[in-house]
Amino acid sequence: MDTLSLRTQSATPATITKEWVVVDATDQILGRLCAKVAKILRGKNKTNYTPNLDCGDNVIIINADKVKLTGNKLTDRIYLRYTGYPGGQRQATAETLMKKSLKLRANGHHPLYTKVMKGMLPKNRLGKRLLDNLYVYNGSEHPHAAHEPKVIDINKVK
(Lines give C-alpha, C1' and ligand atoms only; values in the text may rest on other atoms or scores of the structure.)
Protein backbone atom coordinates (compact mmCIF):
# COMPACT_ATOMS: atom_id res chain seq x y z
CA MET A 1 0.00 0.00 0.00
CA ASP A 2 1.30 3.43 -0.90
CA THR A 3 1.31 5.44 2.35
CA LEU A 4 1.84 8.71 0.51
CA SER A 5 -1.62 8.45 -1.03
CA LEU A 6 -3.35 8.65 2.37
CA ARG A 7 -4.39 12.22 3.10
CA THR A 8 -5.59 13.78 6.30
CA GLN A 9 -9.20 14.85 6.00
CA SER A 10 -9.98 18.25 7.52
CA ALA A 11 -13.50 19.29 8.40
CA THR A 12 -15.08 22.18 6.55
CA PRO A 13 -18.03 24.28 7.72
CA ALA A 14 -20.24 22.33 5.30
CA THR A 15 -19.28 18.93 6.75
CA ILE A 16 -19.61 19.83 10.43
CA THR A 17 -22.64 18.41 12.21
CA LYS A 18 -23.51 20.01 15.53
CA GLU A 19 -25.68 18.23 18.07
CA TRP A 20 -27.29 19.24 21.35
CA VAL A 21 -26.16 17.39 24.47
CA VAL A 22 -27.52 17.47 28.05
CA VAL A 23 -25.15 16.88 30.96
CA ASP A 24 -26.33 16.43 34.55
CA ALA A 25 -23.97 18.06 37.06
CA THR A 26 -25.43 16.42 40.15
CA ASP A 27 -22.63 15.28 42.51
CA GLN A 28 -19.92 15.96 39.91
CA ILE A 29 -16.67 17.72 40.76
CA LEU A 30 -16.63 21.14 39.07
CA GLY A 31 -13.18 21.07 37.46
CA ARG A 32 -13.43 17.52 36.15
CA LEU A 33 -16.91 18.15 34.79
CA CYS A 34 -15.82 21.33 33.01
CA ALA A 35 -12.74 19.64 31.55
CA LYS A 36 -14.92 16.97 29.94
CA VAL A 37 -17.47 19.54 28.78
CA ALA A 38 -14.63 21.61 27.25
CA LYS A 39 -13.65 18.61 25.10
CA ILE A 40 -17.24 18.26 23.90
CA LEU A 41 -17.52 22.00 23.20
CA ARG A 42 -14.26 21.96 21.28
CA GLY A 43 -15.19 18.83 19.32
CA LYS A 44 -12.19 16.77 20.38
CA ASN A 45 -14.42 13.75 20.94
CA LYS A 46 -15.29 13.62 17.23
CA THR A 47 -13.31 11.99 14.47
CA ASN A 48 -13.38 15.06 12.21
CA TYR A 49 -11.87 17.43 14.80
CA THR A 50 -10.22 20.47 13.24
CA PRO A 51 -8.42 22.90 15.60
CA ASN A 52 -9.35 26.10 13.78
CA LEU A 53 -13.11 25.42 13.42
CA ASP A 54 -16.05 25.19 15.77
CA CYS A 55 -16.87 21.51 15.31
CA GLY A 56 -18.10 20.85 18.84
CA ASP A 57 -21.59 20.30 20.13
CA ASN A 58 -23.94 22.61 22.01
CA VAL A 59 -23.89 21.59 25.68
CA ILE A 60 -26.67 22.11 28.22
CA ILE A 61 -25.67 21.61 31.85
CA ILE A 62 -28.57 21.03 34.24
CA ASN A 63 -28.57 20.94 38.06
CA ALA A 64 -25.56 23.26 38.10
CA ASP A 65 -26.18 24.23 41.72
CA LYS A 66 -25.63 20.60 42.86
CA VAL A 67 -22.00 20.46 41.75
CA LYS A 68 -19.29 19.68 44.32
CA LEU A 69 -16.07 21.49 45.05
CA THR A 70 -13.47 19.51 46.99
CA GLY A 71 -11.69 20.85 50.05
CA ASN A 72 -12.28 24.49 50.96
CA LYS A 73 -12.52 25.69 47.37
CA LEU A 74 -16.06 26.98 47.86
CA THR A 75 -14.84 29.69 50.21
CA ASP A 76 -11.08 29.92 49.58
CA ARG A 77 -10.69 29.84 45.78
CA ILE A 78 -10.61 33.40 44.43
CA TYR A 79 -11.67 34.28 40.90
CA LEU A 80 -10.33 37.60 39.61
CA ARG A 81 -11.68 39.98 37.01
CA TYR A 82 -10.66 43.44 35.94
CA THR A 83 -13.00 46.30 35.06
CA GLY A 84 -10.52 48.12 32.85
CA TYR A 85 -10.16 51.12 35.13
CA PRO A 86 -7.26 51.88 37.52
CA GLY A 87 -7.82 50.02 40.77
CA GLY A 88 -10.59 48.01 39.15
CA GLN A 89 -9.48 44.51 40.05
CA ARG A 90 -12.42 42.64 41.58
CA GLN A 91 -12.38 39.29 43.28
CA ALA A 92 -15.08 36.78 44.07
CA THR A 93 -15.21 33.34 45.64
CA ALA A 94 -17.03 30.36 44.20
CA GLU A 95 -19.65 30.75 46.90
CA THR A 96 -20.51 34.33 45.89
CA LEU A 97 -20.63 33.34 42.20
CA MET A 98 -23.06 30.52 43.04
CA LYS A 99 -25.27 32.91 44.99
CA LYS A 100 -25.10 35.39 42.12
CA SER A 101 -26.33 32.69 39.73
CA LEU A 102 -29.38 32.06 41.90
CA LYS A 103 -30.27 35.77 41.77
CA LEU A 104 -29.55 36.32 38.07
CA ARG A 105 -31.91 33.85 36.41
CA ALA A 106 -30.20 34.74 33.14
CA ASN A 107 -30.91 32.63 30.12
CA GLY A 108 -28.26 29.95 30.27
CA HIS A 109 -25.39 31.91 31.79
CA HIS A 110 -23.86 30.90 35.10
CA PRO A 111 -21.00 33.11 36.40
CA LEU A 112 -19.00 30.28 38.01
CA TYR A 113 -19.21 27.89 35.05
CA THR A 114 -18.46 30.71 32.61
CA LYS A 115 -15.33 31.64 34.56
CA VAL A 116 -14.12 28.03 34.80
CA MET A 117 -14.88 27.14 31.17
CA LYS A 118 -13.28 30.31 29.85
CA GLY A 119 -9.97 29.15 31.30
CA MET A 120 -10.23 25.77 29.55
CA LEU A 121 -10.99 27.06 26.06
CA PRO A 122 -8.69 28.84 23.60
CA LYS A 123 -7.95 32.49 24.34
CA ASN A 124 -9.03 33.86 20.96
CA ARG A 125 -12.15 34.53 18.87
CA LEU A 126 -12.82 30.81 18.55
CA GLY A 127 -12.86 30.40 22.33
CA LYS A 128 -15.43 33.17 22.67
CA ARG A 129 -17.65 31.51 20.03
CA LEU A 130 -17.31 28.13 21.74
CA LEU A 131 -18.40 29.65 25.06
CA ASP A 132 -21.63 30.75 23.39
CA ASN A 133 -22.46 27.05 22.83
CA LEU A 134 -22.64 26.43 26.60
CA TYR A 135 -25.95 26.77 28.46
CA VAL A 136 -26.04 26.27 32.23
CA TYR A 137 -29.18 26.00 34.36
CA ASN A 138 -29.54 25.54 38.13
CA GLY A 139 -32.66 23.40 37.92
CA SER A 140 -33.48 20.29 35.95
CA GLU A 141 -35.59 22.16 33.36
CA HIS A 142 -34.22 23.92 30.31
CA PRO A 143 -35.91 25.75 27.40
CA HIS A 144 -34.03 23.85 24.66
CA ALA A 145 -36.42 20.89 24.30
CA ALA A 146 -37.19 21.90 20.70
CA HIS A 147 -33.62 20.96 19.69
CA GLU A 148 -34.20 17.41 20.96
CA PRO A 149 -30.95 17.16 22.95
CA LYS A 150 -29.61 13.75 23.87
CA VAL A 151 -28.68 13.00 27.46
CA ILE A 152 -25.16 11.68 27.97
CA ASP A 153 -23.44 10.26 31.03
CA ILE A 154 -20.44 12.52 31.62
CA ASN A 155 -18.67 9.78 33.60
CA LYS A 156 -18.32 7.71 30.41
CA VAL A 157 -16.75 10.55 28.40
CA LYS A 158 -12.97 10.35 28.29
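1. Start with D27, which sits in the loop between β1 and α1. Helices here are DSSP runs of H or I with at least four residues, strands are runs of E with at least two, and both are numbered from the N terminus. With 53% relative accessibility, D27 counts as exposed. On that scale, exposed means over 50% relative accessible area, buried means under 20%, and partly exposed is in between (1.4 Å probe, protein chains only). D27 also has a positive phi of about 60°, although it is not a glycine.

2. What does D27 touch, leaving aside its neighbours within four places in sequence? The partners are K66 and K68, where contact means heavy atoms within 4.5 Å. H144 is 117 residues from D27 in sequence, and the two are 23 Å apart in space, C-alpha to C-alpha.

3. A word on where this comes from: it is a predicted model, in which local features need pLDDT of at least 70 and side-chain atom pairs count only at pLDDT 80 or more, while totals for chains, interfaces and linings use all residues. Residues are numbered from 1 along each chain as its sequence is written, and side-chain values use heavy atoms, with hydrogens and water left out.

4. Now step back to the whole protein. It has 5 helices and 6 strands, and from the N terminus on they run β-α-β-α-β-β-α-α-α-β-β. The C-alpha trace spans about 60 × 40 × 30 Å along its principal axes. Of the 158 residues, 39% count as buried. Take the contacts between residues at least 6 apart in sequence: 69% of them join residues at least 24 apart.

5. Have a look at how α1 (residues 30-42) and α4 (residues 111-120) pack: the angle is about 60° and the axes are 9 Å apart. That makes α1 oblique to α4. Angles under 35 degrees count as roughly parallel, over 145 as roughly antiparallel, 65 to 115 as roughly perpendicular, and the rest as oblique. The axes are lines fitted to C-alpha atoms, for helices over the stretch in contact, and angles run from 0 to 180 degrees between N-to-C directions.

6. Which residues meet there? From α1 come L30, G31, L33, C34, A35, V37, A38 and L41, and from α4 come L112, Y113, V116, M117 and M120. By class, this contact has 12 nonpolar, 1 polar and no charged residues. (Ala, Val, Leu, Ile, Met, Phe, Trp, Tyr, Cys and Pro count as nonpolar, Asp, Glu, Lys and Arg as charged, and the others, Gly among them, as polar.)

7. In α4, P111, L112, Y113, V116 and M117 are buried. The buried residues of α4 pack against α1, β2, β3 (78-82), α3, α5 and β5.

8. The largest nonpolar core has 30 residues, and V37, Y113 and L134 touch the most other members. Such a core is a set of buried Ala, Val, Leu, Ile, Met, Phe, Trp, Tyr and Cys residues joined through side-chain atoms within 4.5 Å. The largest share of this core, 7 residues, comes from α1. Not counting residues up to four places away in sequence, L134 touches V37, L41, V59, I61, G108 and M117. Apart from this core lies another, of 6 residues, including W20, V22, I60 and Y135.

9. Last, E148: this residue lies in the loop between β5 and β6 (150-151). E148 is exposed, with a relative accessible area of 68%, and has a positive phi of about 50° although it is not a glycine.
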